[in-house]
Amino acid sequence: MVMLNDWPWQHWAKRRPTHPALRGEGAHYSWAALAAELDRRAAAYQAQGVEAGCGVALRGKNSLALLLDYLALIQCGARVLVLNPQLPPALLAQLLPGLTLSFLRDHAAPGVTGLPPLQPPGAAPGGCTTVVFQPSRLATLTLTSGSSGLPKAAAHSIAAHLASAAGVLALIPFPAEACWLLSLPLFHVSGQGIVWRWLRAGAALAVEPQLPLAQALAGCTHASLVPTQLWRLLEQGQVPEALHAVLLGGAAIPPALTARAEQAGIRCWCGYGMTEMASTICAKRADTHPGVGQPLAGCEINIVEEEVLIRAPGQAAGYWRDGELHPLADEEGWYHSRDRGLMAAGELQILGRLDNLFFSGGEGIQPEAIEQLLARHPQVAQAFVVPVEDAQFGHRPVAVLEASGALQPAQLTQWLAAQLPRYQLPVAYYPLPESLKQGGIKIPRSRVQQWAAAQQ
Ligand code: 4YB
């Protein structure tokens with residue numbers, strides 16, 4: 001793979017000027033046109049005071065304009081924090097002051113106060129000032145989706161993003177004529193992972209957030225999906241013809257799901273990654289085993305007392321707070337993931353989060369183990385098992401399910417009873433309420449637990 005010694009869009013604009021780079025919302029950009037558009041936007045933001053090293057919040061759902069601003073602000077040398085527009089104002093009020101941000105570029109309905117707004121780029125105010133491409137410069141802040149406390153801002157350099165991309169591209173071919181759909185939000189590391197693979201490979205990217213997934217995928221060869229997205233796509237029976245490579249991740253990936261997709265002609269890869277590592281660190285071509293494969297090139301895994309420790313070239317430089325980087329790894333560089341895992345048959349298997357383990361009548365329950373069995377049921381799209389308080393047992397498991405058609409508790413108990421000890425059988429089953437399906441790519445387990453507690 002050739003080295004990038006220039007902003008990736010300028011690198012490809014020199015080598016493949018007329019090659020399609022980006023399409024979406026009715027627009028098409030070649031690499032040359034993209035580089036020119038990013039210069040235009042960078043100039044407009046520089047004219048408003050954006051300079052190298054300053055922090056800029058970029059708030060909004062995916063759109064072509066949001067992506068162009070992400071890249072243009074990075075070209076200005078800014079540290080860009082993409083914000084989910086659904087984050088509540090009270091949380092932002094607590095979080096943003098510690099992130100040393102100078103500006104807000106808001107693509108959503110106004111909802112954040114206290115930061116000077118950047119105006120949309122109008123007519124070009126003149127050329128942009130060149131900011132030297134420095135791979136070690138911090139380019140992005142990405143909020144973690146930790147279950148408790150305030151999210152943290154993982155700070156990644158351009159080099160970390162490109163190294164993470166190179167690791168995935170060594171496993172999943174992404175040739176110049178292929179097109180990856182921006183199928184996950186830019187405010188999440190999984191969306192940014194797509195962008196940096198595209199930039200690394202010099203292929204094409206599609207951005208079609210207004211369209212339903214099956215339509216947005218038309219003409220796309222690649223997509224990153226969370227398992228529920230793939231499940232819904234298959235359930236609708238609408239498998240786009242061009243689609244032949246899907247990288248799955250973000251949650252346990254049922255082998256039955258990938259088997260069904262492969263039968264429909266979609267080649268699946270199972271990935272395991274996290275915000276702190278600029279996305280994927282382990283991956284494999286899907287097979288019949290529930291593991292997530294081996295570490296990607298340059299990544300290392302160590303299991304200590306069942307906890308997965310990681311060292312990877314995509315690792316964040318630290319958590320950004322109060323104008324400084326705070327280390328996220330131990331003295332030897334290992335990041336302690338709080339994921340429970342083991343190496344089995346040469347591959348990493350994720351058992352669940354250490355923090356999710358709970359006790360019922362003195363017996364330990366890892367909710368993900370029950371969820372994985374429920375997810376094998378052909379009608380179940382996604383399953384949560386959460387503890388609810390119980391006078392006799394301390395806690396007992398209940399299940400909250402997204403499923404097609406009505407499911408009878410007796411039928412589900414029968415489904416599980418052959419494979420689980422009695423104390424692990426959920427004492428109640430609830431359909432996942434619509435109110436919990438809104439928002440980011442993952443439903444926070446804490447919200448499911450709160451909701452389940454209120455049903456008692
Ligand atoms: C898992 C898990 C797995 C994560 N089994 N638990 O490009 C990609 O890698 C990608 C492709 C499609 C969909 C998502 C992705 C991601 O990046 C996901 C990255 C992510 O989820 N980051 S996170 O910080 O929000 O959460 C990380 C946690 O998610 C991990 O620590 C695990 O607990 C869990 N997780 N992949 C089981 N395959």
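Which residue just after H8 takes a positive phi, and of about what value?

Analyst: Happy to take that one. The residue is Gly237, which follows just after H8 and has a positive phi of about 65°.

A few ground rules come before the tour. This is a predicted model, in which local features need pLDDT of at least 70 and side-chain atom pairs count only at pLDDT 80 or more, while totals for chains, interfaces and linings use all residues. Residues are numbered from 1 along each chain as its sequence is written, and side-chain values use heavy atoms, with hydrogens and water left out. Helices (H or I, at least four residues) and strands (E, at least two) are DSSP runs, numbered from the N terminus.

Back to H8, which spans residues 227-235 and is mostly covered, with 7 of its 9 residues buried. Here buried means under 20% relative accessible area, exposed means over 50%, and partly exposed is in between, using a 1.4 Å probe and protein chains only. The buried residues of H8 are Pro227, Thr228, Gln229, Leu230, Trp231, Leu233 and Leu234.

What does H8 lie across? The answer is E23 and E24, with H8 running at about 135° to E23. Axes are lines fitted to C-alpha atoms, for helices over the stretch in contact, and angles run from 0 to 180 degrees between N-to-C directions. Contact itself means heavy atoms within 4.5 Å.

E23 and E24 belong to an open sheet of 3 strands, in the order E23-E24-E25 and with mixed pairing. The edges are taken by E23 (380-390) and E25 (429-431); each has a single partner strand, so one side of each is left without a neighbour in the sheet. On average, neighbouring strands of this sheet are turned by 30° against each other, direction ignored. E23 and E24 (residues 394-403) run antiparallel and are joined by 10 bridges; two strands pair if DSSP finds at least two bridges between them. Within this pairing, Pro387 stands opposite Pro397 in E24. A further helix, H12 (residues 445-454), lies across E23, E24 and E25, and runs at about 60° to E23.

From here, let's move to another set of strands. E15 (residues 300-304) and E16 (residues 307-311) are antiparallel partners with 5 bridges, and Ile303 has Val308 in E16 as its bridge partner. The two strands form a hairpin with 2 residues between them, and Glu305 in the turn has a positive phi of about 50°. Glu306, which also lies in the loop between E15 and E16, has a phi near 75°, a positive value in a residue other than glycine. With a relative accessible area of 37%, Glu306 is partly exposed. E16 also pairs with E19 (residues 335-344), in the antiparallel sense and over 3 bridges, and Glu307 stands opposite Arg340 in E19. Because 4 of the 5 residues of E16 are buried, this strand is largely enclosed by the rest of the structure.

Arg41 counts as buried, at 9% relative accessibility. Leaving aside residues up to four places away in sequence, Arg41 touches Ala65, Leu68, Asp69, Ala72 and Pro121.

The other pair is H5 (residues 158-169) and H6 (residues 189-201), whose axes come within 8 Å and cross at roughly 80°. H5 and H6 are therefore roughly perpendicular to each other as well. Among the residues making the contact are Ile158, Leu162 and Leu169 of H5, together with Trp196 and Arg200 of H6.

One last stop is Thr100, in the loop between H4 (89-95) and E5 (103-106). Thr100 has a positive phi of about 40° although it is not a glycine, and with a relative accessible area of 35% it is partly exposed.

Definitions and conventions
Angles under 35 degrees count as roughly parallel, over 145 as roughly antiparallel, 65 to 115 as roughly perpendicular and the rest as oblique.
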